[in-house]
Amino acid sequence: MKDIRPITDPERPKVYIETYGCQMNVNDSEVILSILQDAGYALTENMDEASVILANTCSIRDNAEQRIWGRIDQFRLQKRRRKGVVIGITGCMAERLKDALLDGHSVDIVAGPDSYRHLPELIRNVTPDNPQIDVLLSHEETYADISPVRMDKNGVSAYISIMRGCNNVCSYCVVPYTRGTERSRDPQSILREAEELFENGYKEVNLLGQNVDSYLWKDPVSADKDVNFAQLIEMVAKVSPELRVRFSTSHPKDISDEVIYTMAMYRNICRHIHLPVQSGSNVMLEKMRRRYTREWYLERVAKIRSVMPDCGLSTDIIAGFCGETEQDHKDTLSLMEEAGFDAAFMFQYSERPGTLAALKYPDDIPPAVKTARLNEIIALQNRLSLKSNEKEIGRRHTVLIEGTSKRNSEEFVGRTSNNKVCVFPAPGHKAGDYIEVEVCGCTSATLISKPV
Ligand code: SAH
Ligand code: SF4
Ligand code: F3S
């Protein structure tokens with residue numbers, strides 16, 4: 001069996017990796033570690049002993065980048081203290097800013113999301129006067145043959161990237177520029193990875209893509225063997241009924257009835273869909289280039305609920321997009337109520353250079369208005385989350401234990417199939433066990449429960 005956990009070998013030179021951004025970037029760090037372990041490195045969590053320091057970065061909003069700039073300054077201090085330390089910037093900021101990252105920042109390596117196979121060579125070639133940059137995007141790279149080295153702490157739940165890039169070009173979004181065009185990964189390699197994880201004791205896989213519903217593997221020999229997303233989740237669900245399958249992100253314009261029915265057929269495909277709506281106003285959705293309407297979105301929600309009444313539903317929302325009126329904002333609030341989201345990630349619009357919105361529409365909502373609208377959205381979601389959790393009181397759930405609670409070491413935390421976080425006492429159990437619980441109380445974030 002191949003070792004999928006980090007190698008601990010005191011003799012090896014050490015690499016320190018800090019990760020920002022989405023789940024896909026977290027999984028990319030695991031790909032990077034796999035490549036660097038094969039080149040003789042070992043992971044360290046202590047920056048002071050690392051000979052290579054990497055920041056795997058995110059560009060999605062300006063505040064994400066600002067935080068990372070602060071960290072790059074910290075890394076520079078390491079270089080001043082210890083000769084020969086190599087500093088590398090990988091991920092979306094590397095791709096967006098390219099050689100601008102080299103100017104006056106003491107960075108040695110800039111490597112974009114499709115260049116990770118070259119990292120060992122880039123590290124070898126670095127000299128103080130010779131920084132290395134590789135930001136070429138690819139139409140083919142999916143790292144399909146690389147087994148990510150798992151950096152999660154619990155050994156229960158793991159990410160599997162099933163595709164890379166994005167072809168949607170939503171007008172506000174930088175991802176198509178930083179991650180390139182969409183490409184799907186060979187389903188057999190995905191299946192092998194899921195099986196390998198299960199053999200290593202993992203109980204949950206989370207299939208990742210910017211738009212999983214457009215996953216399509218074109219078989220090189222026979223079109224009969226093409227695999228779409230519904231077929232892929234079915235293949236992975238069949239690895240074992242003991243292996244839970246989750247996925248994100250679903251796109252409202254693309255999520256198909258076939259996917260919804262396939263979910264309903266398998267108890268181990270979790271009853272949760274992350275379906276980012278972004279706005280409840282058709283005017284905003286049009287300007288965002290989301291290519292669905294409020295009505296279309298609510299029809300998809302109704303379909304999901306009619307097939308799987310117990311399905312959890314979460315979303316992403318952007319407050320204060322270009323030209324957003326008070327009425328547009330109210331439309332978002334009313335859509336939230338109508339859809340009755342169980343959870344949401346909520347953001348203020350942040351203009352990203354080079355995107356269609358930056359070119360076409362002035363970023364004209366004053367910061368104070370953006371903040372006020374976002375706060376209203378957050379307050380409403382807290383009420384909706386509480387309401388959704390209160391409905392669970394008295395119900396029973398099968399929970400996959402992820403570990404002990406941070407607040408109380410006597411209690412465990414785990415998730416229900418519909419993606420709600422549960423805390424409960426469970427003497428004699430351990431991370432990776434399934435347990436039946438009954439919900440006896442809640443907050444807006446957590447279900448308080450007891451074993452049955
Ligand atoms: N592929 C996913 C989203 C990836 S980015 C999808 O299409 O849903 C995650 C979230 O960040 C987005 O859903 C959006 O809500 C938010 N986001 C993206 N660009 C943003 C920007 N420029 N300003 C604010 N939020 C943004
Ligand atoms: Fe960005 Fe839209 Fe692609 Fe999501 S679907 S990554 S929001 S361009
Ligand atoms: Fe950020 Fe890149 Fe992910 S911009 S959200 S790390 S795809």
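Biologist: Where is the place of T249?

Modeller: T249 is in the loop between strand 13 (244–248) and helix 8 (257–265); helices (H or I, at least four residues) and strands (E, at least two) are DSSP runs, numbered from the N terminus. This is a predicted model, in which local features need pLDDT of at least 70, side-chain atom pairs count only at pLDDT 80 or more, and totals for chains, interfaces and linings use all residues, while side-chain values use heavy atoms, without hydrogens and water. Residues are numbered from 1 along each chain as its sequence is written, and chains are lettered from A and ligands numbered from 1 in the order in which they are written.

Biologist: What kind of peptide bond joins S248 and T249?

Modeller: A cis bond, with omega about 10 degrees.

Biologist: Which residues come nearest to ligand 1?

Modeller: Q210, P276, Q278, D316 and S350, out of 15 residues around ligand 1; a residue counts as near if one of its heavy atoms lies within 4 Å. Strand 15 (312–319) and strand 16 (343–348) each give at least two residues to this shell.

Biologist: How does the shell around ligand 2 divide by class?

Modeller: Into seven nonpolar, three polar and one charged. Ala, Val, Leu, Ile, Met, Phe, Trp, Tyr, Cys and Pro count as nonpolar, Asp, Glu, Lys and Arg as charged, the others, Gly among them, as polar. The shell includes C166, C170, C173, H251 and R290; R290 counts as charged because Arg is in that class.

Biologist: Which domains supply the shell around ligand 3?

Modeller: Domain 1 (14–134) and domain 2 (157–390) each supply at least three residues; the bounds come from an automatic or database domain assignment. Among the residues around ligand 3 are C22, C58, C92, R179 and Q210. By class, this shell has five nonpolar, four polar and one charged.

Biologist: How many cavities of 30 Å³ or more are there?

Modeller: The search finds two. A cavity is a set of points on a 1 Å grid over the protein atoms alone where a 1.4 Å probe fits but cannot get out, and its lining residues have an atom within 4 Å of a point.

Biologist: Why is the largest cavity placed where it is relative to the domains?

Modeller: Domain 1 and domain 2 both give residues to the lining, so the largest cavity lies between them. Its lining includes N27, D28, V31, R164 and E193, and helix 1 (residues 23–38) gives the largest share, three residues.

Biologist: What lines the second largest cavity?

Modeller: M24, S161, M163, R164, G165 and R179, which divide into two nonpolar, two polar and two charged.

Terms used
On a 1 Å grid over the protein atoms alone, a cavity is a set of points where a 1.4 Å probe fits but cannot get out, and a pocket is an open set with protein on both sides within 12 Å along at least five of seven lines; lining residues have an atom within 4 Å of a point. Grid points are joined across faces, edges and corners, and a volume is the space filled by probe spheres set on the points.
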